[in-house]
Amino acid sequence: MVNEPTIDLEVGAPVHGGHCLARHEGRIVFVRHALPGERVRVLLTEAGDKGYWRGDAVEVLDASADRVPSVWPAAGPGGVGGGELAHVRLPAQRLWKRDAVLDALHRIGKLTDHPALEGFTVEAVPGDDVRGGLGTRTRIELVADGEGRAGMFAARSHDVIPLTCMPLAAEPIRAAGLFERSWRPGSRLHAVAPSDGDVLVLADGDEVRGGRRKVRERVTLERTYDYRVAGAGFWQIHLGAPELLARAALAAAALEPGQRVLDLYSGAGLFTAPLADAVGEAGTVHAVEGDPQAVRDARRNAHGLPQVRLHEGQVAQVLAAVRPVADVVVLDPPRAGAGRRVMEQVLAGRPDRVVYVACDPAALARDIATARTIGYELESLRGFDLFPHTHHVECLAVLTPAAAP
Ligand SMILES: C[S@@+](CC[C@H](N)C(=O)[O-])C[C@H]1O[C@@H](n2cnc3c(N)ncnc32)[C@H](O)[C@@H]1O
């Protein structure tokens, strides 16, 4: 343990999680709220005997040119989690995320100087530079503190910090008065601003505003798709993400009429319906999703597309039971990634292409490493800044059979 509450450090490269790496007397310190190249005074938040420490930059001694006044000071040192890059110029946030993705792929995926990573960038959602990356989130979660004030959890803690605003939330949520009223202490609030319809607010699962538990989402690609989605169910959070990701996944899948597609971790069917259109009625799309409510919504959202087969269940179990054959596999697993078993199942059918949508670069790196041990290679990688002002980044990787040696 250290006795001093703060130490002064030179901060190095960003790593996944919103930290920069620094060193103190040979020990690694993960520093939040800093920028690469800065000298900062760090308040240690974890200084046990784990082999590394954690700390928050509480004073900047030598600032980076990419530092800006935080767009969300309540998410600064000692504040709520979820806005850990709010002090970084928006284009520099994307460079930060690019470096963090490449770091994960190098360290965990053992991909070094790989041709598919040449020129890799993290792309902005169209319009984000104009809106400063603010007002983009169509879903937010809040929690009421002991006095009934809406807030969020402090970083790496279950202490609730009350808030007066949430600048990352879409305008209809910000206008919903969530911070002006009193809630039952401890209640969990879920606010949704759908693309089609009014704001929905759920408190502990009960609707308090909006008069319904479902929302409608409209996504325009080659045609317009209308989706029914559970208010508390999964939907891409950034207001531009459903269209951007669906377009990117479709382009990466490069489908032809009559092909067979697997859509794994398919949610309410964001990708399922456009994939079905791309293969036409001569093709098939097997979609697999574990959340029964999402499967019910997907059933409705894929209505009129007889080429879609929906499977409710865990991906590994459904694949073991159904063994669908696919030319192309699209998978969009949760943060933990697909894992070795699912990657083996997916690749055992020797698909021509695998389109892997990933919200966690470390999990993606692990799954790519698995794929490379069983004869697949990374063909291309794109990154999307779907979570401005946070460390989160979305990636889309295409894997194809490795050329014979
Ligand atoms: C990142 S979301 C993607 C949903 C959809 N592709 C979209 O973009 O809207 C991941 C989905 O996987 C589902 N899921 C998580 N683990 C699963 C598992 N082991 N088997 C099946 N579905 C799972 C979740 O319920 C969630 O709907």
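How do the residues of the shell around the ligand divide into nonpolar, polar and charged? I looked this up first. The shell holds nine nonpolar, five polar and three charged residues. I counted Ala, Val, Leu, Ile, Met, Phe, Trp, Tyr, Cys and Pro as nonpolar, Asp, Glu, Lys and Arg as charged, and the others, Gly among them, as polar. Of the 17 residues around the ligand, Y265, G267, L270, G290 and D332 come nearest; a residue is near if its C-beta atom, placed from the backbone, lies within 6 Å of the molecule.

**Basis**

I note that the model is predicted, that local features need pLDDT of at least 70 and side-chain atom pairs pLDDT 80 or more, and that totals for chains, interfaces and linings use all residues. Residue numbers run from 1 along each chain as its sequence is written.

**Whole chain**

I found eight helices and 21 strands in the chain. These are DSSP runs numbered from the N terminus, helices being H or I of at least four residues and strands E of at least two. The radius of gyration, taken over C-alpha atoms, is 22 Å, which agrees with the value near 22 Å for a compact globule of 405 residues. The globule rule is 2.2 Å times the number of residues to the power 0.38. The C-alpha trace spans about 70 × 60 × 40 Å along its principal axes.

I have 48% of the 405 residues as buried. Buried requires 20 or more other C-beta atoms within 10 Å of the residue's own, exposed 12 or fewer, and partly exposed lies in between, with C-beta atoms placed from the backbone.

The division is into domain 1 (1-67), domain 2 (98-129 + 238-401) and domain 3 (139-217), with bounds from an automatic or database domain assignment. Over C-alpha atoms, the centres of domain 1 and domain 3 are 32 Å apart.

**Helix 6**

I listed V315, V318 and L319 as the buried residues of helix 6 (residues 315-322). They cover an arc of only 100° around the axis, and therefore sit on the same side of helix 6. The arc is that of the directions from the helix axis to the C-beta atoms. On the face turned away, Q317, A320 and A321 are exposed. The cover over the buried residues includes strand 15 (260-264), strand 16 (284-289), strand 17 (308-312) and helix 7 (339-348). R323 follows helix 6 and has a positive phi near 45°.

**Helix 7**

Here I have V342, M343, Q345 and V346 as buried. They line one face of helix 7, because they fall within an arc of 160° seen down its axis. Helix 6, strand 18 (328-331), strand 19 (353-358) and helix 8 (361-373) are among the elements covering them. R350 comes after helix 7, with a positive phi near 50°.

**A253**

I placed A253 in helix 3 (residues 241-253). A253 counts as buried because 25 other C-beta atoms lie within 10 Å. Beyond neighbours within four places in sequence, A253 is in contact with V261, L275, V328, V330, R353 and V355; contact means C-beta atoms, placed from the backbone, within 7 Å.

**Loop between helix 1 and strand 6**

I found K110 in the loop between helix 1 (90-107) and strand 6 (122-124), with phi near 55°. K110 is exposed, having 12 other C-beta atoms within 10 Å. D113 is in the loop between helix 1 and strand 6 and has a positive phi of about 50° although it is not a glycine. D113 counts as exposed, with 7 C-beta neighbours inside 10 Å.

Technical notes:
Contact = placed C-beta atoms within 7 Å.
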